[in-house]
Amino acid sequence: MAKNELLQKASVSENGLNKGLIEEAYYFAQEAHKTQKRYSGEPYISHPVAVADILLNLKLDTSTVITGLLHDTVEDTLVSSKDISDKFGEDVAKLVNGVTKLSKIETYTENKFQAENFRKLILAMSKDIRVLLVKLADRLHNMRTIQFIPQENRRKKIASETLEIYAPLAGRLGMHDFKDELEDLAFQILNPSAYSSLLTRIEYLKKDKSNLTEKIRLRLMKLLSENSIQCEIIGREKKIYSVWKKMQDKQIAFRQLSDIFAYRILSKDIDDCYRILGLIHNRWSAVPGFFKDYISTPKINNYQSIHTTIVGPERQRVELQIRTNQMNAIADKGIAAHWKYKENYNLVNNSSSDPVNVTWLRDLVEILDSGGSSEELLEATKLEMFQDQVFCFTPKGDLIHLPSGSNSIDFAYALHSEIGNRCIGCKINGKPRPLYTKLQNGDEVEVMTSKKPSPSETWENIVTTAKAQSSIRRYFKKEEKNEFASLGFKILEKILNGDKLENNDLKDYASKFNRKTSDEFLIAIGKGHIKPHQLQKLKPKSRLSFFSRYRKSETLDTLPLEINNFNPGIAVHFADCCMPLPQEDIIGLTTIDSGLFIHSSDCSTLTNENKKNDWISATWKNVTKDQYFSSRIKVSVSNEPGSLGKLATIVGNLEGNITNLNISEKGKDFFDMIFVIDVHNLDHLNEIIDSLKQVSNVSSVNRLFINL
Ligand code: MN
């Protein structure tokens, strides 16, 4: 196609194209591409001219035709977007940018092919439907010339992309001519042998005079001409790929191909459409459920036609579409024909203002919405949803779609919650950007992570996706738990006097407190649900017996104690801290739940003013020779074999009774030995202490009081 042909076509077009501007665009593109050649050897300009021609045939506006001419200039030449807007206006510049963006995305998806997402992406990015139409025209011409691409894998890639993405998109826009041609061109590349055998078969069926297709067509024709109706009956062209698909889907054998009967009856006016319908239904019976009248209730894209299926002249099922010639034109061009019939659209004047985009979009949704079938309806709903979404890529080319307004943090969490927790920065399209940067369609996002998770609590307020929000919340909940657990651990350690806590102990303790796991147990301590005093029972037995009273409590009437006005049956304990002995001044301390405690009157634990009210005076009386009372002493010795034995012998000889012993190393050569010795009274204890002091390696002996 040469320049002049194109301009000729533009000037005869009915929709008032700006021929001068189109000519300028032609020279602009020719100059930009002048050093480039197509694979076919032709000058590159032949491609944009062909694309513009396709768009002209769709009766599109000046801006779209110019975009067809310029669509490859920004990507492949030195021309900038500003050059285009300066020369051809904002509207054209936007359209060219849109097409350029779509082309860039194509290269991203080289690695991973996700057709459905990609189709959504293209719809989302083609805010102006004209962008999509230029892209489809571009793809159509590239497919028409695909045989010139030398590398087979490249041809196959382009073909499968066409089949999976662009042909369905064309179908969705009602552009059946485009869809059929794209599919057949792609199929020819992808499965050449199936293509050629199907082609041969279909050509054969067409020529075969005896074949049913022609017989049925003639029977229909006869009926209609007998009733003096002028019309054209076309055996609907069998597209190779659609036949192939039918064979695959319904497992129709190759020889049954002639069984697929479909005709289009084109009449001169609407009245005739209904007359034709009446005559046919009178003669042959209609198959229930297949009748649709899109003439009285057209689809919003102006598609009008009557659909019916009959059990035809040769007892075959026959699909019929009955419509006027004008309706037929609209049906083939789909959305491309749509706006031509909506008089209010003046695309040239509306140029760059927002409402245009919005209108186009709404129209697209409307069209899809009007499809009637649930599938189309679903698509339409989805399409509306796409506008609220943003489609981005990982550096590997995986497509991630997020709600619009999402940022890199959402993106990171969409990849994996661990990646989200560890993300510390991001690159968008190769450049470092703040994490809160809102993502745009087609952005390539690289997430930078640290080894350790370090999300910020403020993230919860700046992310958009529910996934990111809940992951962040979960992380901080866990963090909080960890803090409580480590606090609980410290408390427990303290209570157990710094004993090393083993995992097994923890599990054991946890079960004593009816907690399933050690963590739960520690968190309960940290949060104060288990109180420190409740934990006392976990103290190791040896310690417990050493520092607390090992003699069973007795009642007042069995003890040599004088306490006035006191119930003789009350439980009495000798306090563990001072372990008072007969001959010492003593005092009683009542407790609410444990009875009476006897302390020595100068016990250091009794300084607490608050307890003064509960003090009771007490004295010793009549201690007999066979009564013993516990006391505690500390003996420091230097290391010498047999020391302990020597000390024990001395205590025994003096009729003391060692009931508990604890040895701790004080240095390399010194030990502290703590004895609990049962004696008769203070004199008895002092006698023992004096004797112990005589031992050569004993450096000190003292009564030991403990302030528990
Ligand atoms: Mn191109």
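A salt bridge, as I use the term today, is a side-chain nitrogen of Lys or Arg within 4 Å of a carboxyl oxygen of Asp or Glu. With that in hand, Lys-268, Asp-269, Asp-272 and Arg-275 are linked in a network of such bridges, and the structure holds 22 salt bridges.

Before I go on, please keep in mind that this is a predicted model, in which local features need pLDDT of at least 70 and side-chain atom pairs count only at pLDDT 80 or more, while totals for chains, interfaces and linings use all residues. Residues are numbered from 1 along each chain as its sequence is written, and side-chain values use heavy atoms, with hydrogens and water left out.

Let me turn to individual pairs. Arg-130 forms a salt bridge with Asp-61, the closest N and O atoms being 3.1 Å apart. This pair links distant parts of the chain, since Arg-130 belongs to helix α9 (residues 129-144) and Asp-61 to the loop between α3 (46-57) and α4 (62-70), 69 residues apart; helices here are DSSP runs of H or I with at least four residues, strands are E runs of at least two, and both are numbered from the N terminus. Arg-130 is buried, at a relative accessible area of 0%, and Asp-61 is also counted as buried, at 7%, where buried means under 20% relative accessible area, exposed over 50%, and partly exposed in between (1.4 Å probe, protein chains only).

In Asp-508 and Lys-512, by contrast, we have two partners that both lie in helix α25 (residues 503-512), four residues apart, or about one turn of the helix. Their closest N and O atoms are 3.9 Å apart, and Asp-508 is partly exposed at 40%, as is Lys-512 at 45%.

Lys-634 lies in strand β17 (residues 629-638) and Asp-672 in strand β19 (residues 670-679), so the pair ties together parts that are 38 residues apart in sequence. Lys-634 is partly exposed at 29%, whereas Asp-672 is buried at 6%.

Finally, the sheet. Six strands form an open sheet with mixed pairing, in the order β11-β13-β15-β14-β16-β12, where two strands pair if DSSP finds at least two bridges between them. β11 (554-555) and β12 (561-562) stand at the edges with a single partner strand each, so one side of each has no neighbour in the sheet. Within the sheet, β14 (residues 586-591) and β16 (residues 615-620) run antiparallel and are joined by four bridges, and the partner of Leu-589 in β16 is Trp-615.
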